[in-house]
Amino acid sequence: MTTPRPARWARLLLGDSMVNLDDPRHAELRGIVARAFTPRVLARAAADIDHVAAEIAGTVGAGRDGDFVTAVAAVLPLRVICSMMGIPAARWTQVLRQVDATSSHTALRRMPGSGLSDLLRLQHLVAEVAHRRRREPAGDLISALVAADLGRRELGSFFSLLLVAGVETTRNAIAHALWLLTRHPEQRDLLLTDFDRYGPGFADEVIRYSSPIVQFRRTVAVDVELHGHWLRAGQDVMLCYASANRDETVFAEPERFDLTRSPNPHVGFGGGGPHFCLGAVLARQELTAIFRQLLTRFPAIRATGPPGYVPSSFDHRIRRLPFAI
């Protein structure tokens, strides 16, 4: 299945995102981008993630309480993604502000074009960094893509996707994780007994249970029969990840939050195939790193009230989550 194409005028202005491309162009671009997500690169990134997570936990200790989203959940993925891309630290606050604005427009389903100015600002920022990297290459993702001769619009559309997807979805997952541990203290206690043992299962169960992305819309490429129903080429279909992650034919007691769930074939990262999330390993690393630090230092960390959600049929976004340590 292919993704539906955005309006022609938007594509001409912003370029076509990798998530909207089919093979062979999708495979070509994905192969270039995948250089930033090799096991060796991710192993190197893991050390940086641990360092950033420790810094964030130290800041949390100084503040004692507040909003978990702004203090923790939004900070870690922003710093990780911007560092991988090569965005200067002085611009990170600007990036977060524009990512927030862009994803808010998506979530609220406003009129077409309402988030274009924010996307354009992100693309201009990437173009500035790319211009410098053409003269002075560095070991970051922008340098790799510049070396592969990606054009300005291709660079911009990819990094708009990476910033919104890489920051927004992981931020949501981290915020949901604290809320889930607060609601399920027996699972928190289990995680505290042996984080090395239960940490990986914790990350995947948070993704399954919270489903940071609720749904994607696709366009059927060829006629296909699915569970006795025919889907015809050209028809639009909706992939309901939140529903699939509660499928009672796949998961025993799907409404139960369970760190020991194994196997856990959730589709929170796309369910396999050519569009499987390139940042899946990175997201798991971030979730486990930040909660290892937080639970080691503050085993009683908890949400002190229910989350404030952003109304959305697309992503399961938490705007605010009060917490204390």
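Q: Which residue stands opposite Ala303 in β9?

A: Phe323 of strand β9 stands opposite Ala303. Helices (H or I, at least four residues) and strands (E, at least two) are DSSP runs, numbered from the N terminus. This is a predicted model, in which local features need pLDDT of at least 70 and side-chain atom pairs count only at pLDDT 80 or more, while totals for chains, interfaces and linings use all residues. Residues are numbered from 1 along each chain as its sequence is written, and side-chain values use heavy atoms, with hydrogens and water left out.

Q: In what order do the 3 strands of the open sheet lie, and which of them stand at the edges?

A: Strands of a sheet pair through backbone hydrogen bonds, either parallel or antiparallel. Here the order is β1-β9-β6, with antiparallel pairing. Because β1 (65-67) and β6 (302-303) each have a single partner strand, they stand at the edges, and one side of each is left without a neighbour in the sheet. Two strands pair if DSSP finds at least two bridges between them; β6 and β9 (residues 322-324) are joined by 2 bridges.

Q: How many aromatic pairs does the structure hold, and how are they described?

A: A pair of aromatic rings is described by the distance of the centres and the angle of the planes. Rings of Phe, Tyr and Trp (its six-membered ring) pair if their centres lie within 6.5 Å; planes under 30 degrees apart count as stacked, over 60 as edge-to-face and the rest as tilted. The structure holds 7 such pairs. One of them joins Phe68 and Phe291, with centres 6.3 Å apart and planes at 40°, so this pair is tilted. Phe68 lies in helix α4 (residues 68-73) and Phe291 in helix α13, so the pair ties together parts 223 residues apart in sequence. Phe68 also forms an edge-to-face pair with Phe323, at 5.4 Å centre to centre and 75° between the planes. Since Phe323 belongs to strand β9, this second pair ties together parts that are 255 residues apart. Ring pairs link Phe68, Phe202, Phe291 and Phe323 into a cluster.

Q: Are Phe68 and Phe291 buried or exposed?

A: Buried means under 20% relative accessible area, exposed over 50%, partly exposed in between (1.4 Å probe, protein chains only). Phe68 is buried at 0%, and Phe291 is likewise buried at 0%. Phe323 counts as buried at 3%.

Q: Which members of the largest nonpolar core touch the most other members?

A: A nonpolar core is a set of buried Ala, Val, Leu, Ile, Met, Phe, Trp, Tyr and Cys residues joined through side-chain atoms within 4.5 Å. Among its 80 residues, Phe68, Phe159, Phe291 and Leu294 touch the most other members. Helix α9 (residues 152-183) gives the most to this core, with 14 residues. In helix α13 (residues 280-297), 13 of the 18 residues are buried, so α13 is largely enclosed by the rest of the structure.

Q: How many salt bridges are counted?

A: A salt bridge is a side-chain nitrogen of Lys or Arg within 4 Å of a carboxyl oxygen of Asp or Glu. The count is 16. Among them, Arg91 and Glu128 have their closest N and O atoms 3.2 Å apart. This pair links distant parts of the chain, with Arg91 in the loop between α5 (75-85) and α6 (92-108) and Glu128 in helix α7 (residues 116-135). Arg91 is partly exposed at 22%, as is Glu128 at 37%. For Arg208 and Glu205, the closest N and O atoms are 2.9 Å apart. These two residues are separated by about one helical turn, because they are 3 residues apart in helix α11 (residues 195-210). Arg208 is buried at 0%, and Glu205 is buried at 0%.

Methods
The expected span of a helix is 1.5 Å times one less than its number of residues.
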